Amino acid sequence: MGLHTTVEIDELFGDAGTAMVDLAERFGRYQTYSQEHVDSPIGVGLPQRFDALTNFLRTGGRTGNPTKEDLRTLGARTNYFREEYAYGLEPRISGIEPFLHHQAFVDAARAIFPDRPVVEPAIAFANLMVPGQELAVHTDVPEFRGCNRKVMPQWLLVVMHHSGLFERWRMPIATGVSWFHDCDGGEFAYWPDGPEAPPAVHQVRRDTAVVLDADSVFHGVDRIASELPEMAPLRPGMGLEPAGGGRWVVRDGDEVAAEHHWDELRFSVSWKAYCFTDEEEQATWRTGADDLTLEVVLDRLLGDLRERGLLEGDAPEDPELSQLLVGSYIRFPTTA
Ligand SMILES: [Fe+2]
């Protein structure tokens with residue numbers, strides 16, 4: 001048994017993934033993920049996941065990048081497409097219900113968090129990636145009572161979890177990542193035994209899934225195979241949509257920026273569920289009792305940095321403050 005329990009599911013629906021692929025096409029247009037934004041006094045102007053982005057730009061990705069690429073190309077590689085299929089128990093497209101309430105996910109969540117049998121689906125979302133793209137190594141955005149991505153920068157929530165200082169307020173989330181077609185490249189790499197141990201590498205196969213504590217286990221997506229000599233110039237604001245006959249196009253306004261066949265894309269659907277110890281904890285979560293505030297979070301983090309000799313005197317201004325927090329608490333994998 002490793003540091004973190006993970007569960008692999010070999011057959012999710014037994015239909016070779018066709019229902020979910022139909023759903024993906026029926027959904028229509030997918031926006032780039034990097035368009036997310038939050039109003040907060042800390043980290044103004046920094047990308048939501050500058051923690052993972054900075055590590056990616058520094059290392060060139062999990063398998064490294066010997067021919068150092070320019071920032072625009074590297075940005076295009078991680079500028080993938082995402083949409084929500086369900087939020088909470090609310091479907092945003094019909095046909096997602098069997099996925100959202102899949103018993104195999106619930107069972108796997110209970111295996112990962114054995115003391116937390118009350119499993120409540122929180123979200124189902126799709127990631128679509130085009131040839132040449134990859135997903136920088138990261139841990140997912142965790143949630144704490146009073147602190148989520150609607151009110152705080154995503155990188156700060158990640159810092160909070162890695163600091164270990166706010167576990168009393170954290171709501172453990174189980175994540176199931178699933179695939180519904182085969183993919184050339186685009187392996188799911190994850191570090192169940194911690195960032196210093198070698199990663200596990202899961203080849204993407206139709207109708208399979210991996211369930212894990214993605215807020216604690218580092219993971220990423222290796223580069224998707226590409227026949228093209230250059231990376232398409234993908235930027236925030238572009239959209240990916242089906243164009244009939246298995247063709248998908250990336251649109252930049254009315255212009256077509258790239259065109260691919262479905263078989264060249266990488267499609268994954270993620271399931272996330274809150275895992276509560278009991279109904280009482282579930283109720284506390286709902287009513288917002290015992291919520292943390294940004295002021296308390298920053299006081300505690302800065303106090304800890306001072307105690308550890310990593311900060312003397314007043315806290316620096318941003319962006320140095322945000323960089324200090326990410327650099328002090330998030331230890332990225334050193335193994336590929
Ligand atoms: Fe993730």
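How many aromatic pairs does the structure hold? The structure holds 19 of them, where rings of Phe, Tyr and Trp (its six-membered ring) pair if their centres lie within 6.5 Å, and where planes under 30 degrees apart count as stacked, over 60 as edge-to-face and the rest as tilted. This is a predicted model, in which local features need pLDDT of at least 70 and side-chain atom pairs count only at pLDDT 80 or more, while totals for chains, interfaces and linings use all residues. Residues are numbered from 1 along each chain as its sequence is written, and side-chain values use heavy atoms, with hydrogens and water left out.

| Pair | Centre to centre | Angle between planes |
|---|---|---|
| Phe99 and Phe105 | 5.3 Å | 75° |
| Phe144 and Phe166 | 6.4 Å | 80° |

The pair of Phe144 and Phe166 links distant parts of the chain, 22 residues apart. Phe144 and Phe166 are both buried, meaning under 20% relative accessible area, with exposed over 50% and partly exposed in between (1.4 Å probe, protein chains only).

Phe99 and Phe105 are likewise buried, and both belong to one aromatic cluster that also includes Tyr85 and Trp271. Phe105 is one of the buried residues of helix H5 (residues 103-112), together with Val106, Ala108, Ala109 and Ile112. These residues cover an arc of only 165° around the axis, which puts them on the same side of H5; the arc is that of the directions from the helix axis to the C-beta atoms.

Conventions. Helices (H or I, at least four residues) and strands (E, at least two) are DSSP runs, numbered from the N terminus.
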